[in-house]
Amino acid sequence: MILINENYPKLPGSYLFSDIAKKVNEFKIAHPDANVIRLGIGDVTRPLPPAVVQALHSAVDEMADSASFRGYGPEQGYDFLVNTIVENDYKARGLDIAADEIFVSDGSKSDTGNIGDILGLDNIVAITDPVYPVYVDTNVMAGRAGEFVDGRWSKLVYLPCTIENDFVPSLPKSKVDIIYLCYPNNPTGTTLTREQLKIWVDYALENKALILFDGAYEAFITEDDVPHSIYEIEGAKEVAIEFRSFSKTAGFTGTRCAYTVVPKAVMGYTKSGEAVSLNKLWNRRHTTKFNGVPYVIQRAAEACYSEEGKKQVKATIDYYLNNAGIIRAGLAEQGLKVYGGVNSPYIWVKTPDKVSSWGFFDYLLNDLHIVGTPGVGFGPSGEGYLRLTAFGTLENTKEAVSRLKKISI
Ligand code: PLP
């Protein structure tokens with residue numbers, strides 16, 4: 001008899017985006033002429049930078065010639081990309097990360113999900129709340145989350161991030177072993193300063209805990225006191241794994257390339273207390289279960305770091321940040337409380353008095369024909385908020401903001 005992983009049926013299903021799609025479809029059927037603007041999506045809309053496209057073309061040509069054709073590549077990534085990452089994302093910031101601490105992959109979603117493979121099931125996991133759902137769901141699948149009771153997983157430690165604490169999570173009251181931190185944050189768009197992040201690194205050092213630091217939105221950082229890498233914090237190389245992605249940085253959501261940094265100094269422990277290098281374990285997992293990112297895609301990712309590539313990537317980020325500024329200003333003008341959007345493509349808005357996340361979603365859809373994402377979909381502390389994204393076109397963003405001026409709820 002085939003036994004299943006009984007953790008899977010515990011997952012309540014990915015209702016958030018299917019519920020949104022259902023409501024939008026119903027609305028469109030009832031109002032076929034309405035121009036619905038989607039500010040709910042987390043996907044980008046700008047095309048790949050020209051330098052990336054050029055690199056892709058020439059890499060494809062290389063694959064067409066027997067002299068330059070490449071077959072299986074190193075699972076950890078080709079040297080040309082790994083060394084470029086080390087130079088640009090770390091050495092240029094004064095950070096000492098070695099090439100064999102970088103693992104190129106097809107996405108931070110995969111890596112933040114798969115990292116649990118090398119971690120014991122008895123670890124107590126803390127997540128910020130609201131949160132990127134992948135951290136939660138993959139721990140449910142592994143069996144670390146317990147049971148889903150009243151909208152919460154019984155074994156997860158929730159770290160609320162709300163207006164009350166300025167979206168800065170407090171240290172957990174009970175001891176935890178694994179902490180997911182995502183900064184700049186999805187969905188709140190908020191950040192931690194170096195000082196605030198240091199508190200977590202110190203906690204991890206003191207408690208032999210591991211920080212899984214998701215920097216998928218690093219490219220959007222504009223403020224000086226916001227760290228670009230957790231390794232800017234002293235001691236982080238002993239306790240943190242960092243995830244980075246080209247998805248939102250350079251429009252790679254459909255092209256797929258990311259990387260994960262597992263410093264050799266980060267240790268996990270056996271039950272008998274023996275220290276084991278997580279770099280070694282991840283290398284074993286990665287080379288066994290992952291085939292590597294295609295050569296042509298790695299050449300495309302490398303092109304993001306050329307002089308032209310950097311300018312073009314920055315222009316795309318600036319385009320989205322400009323949208324974010326427009327949305328922020330438009331909402332603030334209506335007297336709404338707005339967060340994020342300065343170091344992030346996400347704008348997190350407090351719903352008007354006593355209106356729920358879904359209530360505000362319905363109002364925006366039905367009255368203003370704008371689609372957002374109800375904050376409660378990201379966790380219990382997201383109730384009373386709504387997420388808007390800056391990934392739309394400038395025209396749609398401006399049009400949405402002109403409609404927001406009519407808010408009367
Ligand atoms: N991490 C966060 C916080 C995200 O919001 C996303 C995508 O929305 C990802 C990771 C996924 O990144 P990737 O496209 O590299 O899988």
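This is a predicted model: local features need pLDDT of at least 70, side-chain atom pairs count only at pLDDT 80 or more; totals for chains, interfaces and linings use all residues.
Figure 1. Most residues other than glycine have a negative phi, and most peptide bonds are trans.

**Figure 2. Asp 166, a further residue with a positive phi.** The loop between strand S6 (157-160) and S7 holds Asp 166, which is not a glycine and yet has a positive phi of about 55 degrees. With a relative accessible area of 56%, Asp 166 is exposed.

Figure 3. The bond joining Asp 129 and Pro 130 is cis, with omega about 10 degrees, and Pro 130 has its place in the loop between strand S3 (125-129) and helix H5 (133-142). A cis peptide bond also runs from Tyr 183 to Pro 184, where omega is near -10 degrees; Pro 184 belongs to the loop between strand S7 (178-182) and helix H6 (194-207).

Figure 4. The ligand sits in the largest pocket, and the elements that give two or more residues to the shell around the ligand are helix H4 (108-114) and helix H7 (247-250). The ligand is surrounded by 14 residues, of which the closest are Asn 186, Asp 214, Tyr 217, Ser 245 and Ser 247. A polar side-chain atom of Ser 247 lies 2.5 Å from an oxygen atom of the ligand, while for Asn 186 the distance from a polar side-chain atom to a ligand oxygen is 2.7 Å, and for Lys 248 the corresponding distance is 2.9 Å. Taken alone, the ligand exposes 390 Å², and the protein buries 91% of that.

**Figure 5. The salt bridge between Lys 264 and Asp 100.** The closest N and O atoms of Lys 264 and Asp 100 are 2.6 Å apart, and the two residues form a salt bridge. Lys 264 lies in the loop between strand S10 (258-261) and strand S11 (267-269), and Asp 100 in the loop between helix H3 (79-90) and strand S2 (102-105), so the pair ties together parts that are 164 residues apart in sequence. Lys 264 is partly exposed at 35% relative accessibility, and Asp 100 is partly exposed at 45%.

**Figure 6. The salt bridge between Arg 244 and Glu 218.** Arg 244 and Glu 218 form a salt bridge in which the closest N and O atoms are 3.8 Å apart. Because Arg 244 lies in strand S9 (residues 240-245) and Glu 218 in the loop between strand S8 (210-214) and S9, this pair ties together parts that are 26 residues apart in sequence. Arg 244 is buried, with a relative accessible area of 3%, and Glu 218 is also buried, with a value of 13%.

Figure 7. Arg 299 forms a salt bridge with Glu 302, and their closest N and O atoms are 2.9 Å apart. These two residues are three residues apart in helix H9 (residues 295-303), so about one helical turn separates them. Glu 302 is partly exposed, with a relative accessible area of 22%. Elsewhere, salt bridges that share partners join Asp 89, Arg 93, Glu 218, Glu 242 and Arg 244 into one network.

Conventions:
Residues are numbered from 1 along each chain as its sequence is written. Side-chain values use heavy atoms; hydrogens and water are left out. A salt bridge is a side-chain nitrogen of Lys or Arg within 4 Å of a carboxyl oxygen of Asp or Glu. Helices (H or I, at least four residues) and strands (E, at least two) are DSSP runs, numbered from the N terminus. Buried means under 20% relative accessible area, exposed over 50%, partly exposed in between (1.4 Å probe, protein chains only). A residue is near a molecule or strand if one of its heavy atoms lies within 4 Å of it. A polar contact is a pair of N or O atoms within 3.5 Å; within protein, one must be able to donate a hydrogen and the other to accept it, and residues adjacent in sequence count only if both atoms are side-chain atoms. Accessible areas come from the Shrake-Rupley method with a 1.4 Å probe; for residues, only the protein chains shown count as cover. On a 1 Å grid over the protein atoms alone, a cavity is a set of points where a 1.4 Å probe fits but cannot get out, and a pocket is an open set with protein on both sides within 12 Å along at least five of seven lines; lining residues have an atom within 4 Å of a point. A molecule sits in a cavity or pocket if more than half of its atoms lie within 2 Å of its grid points.
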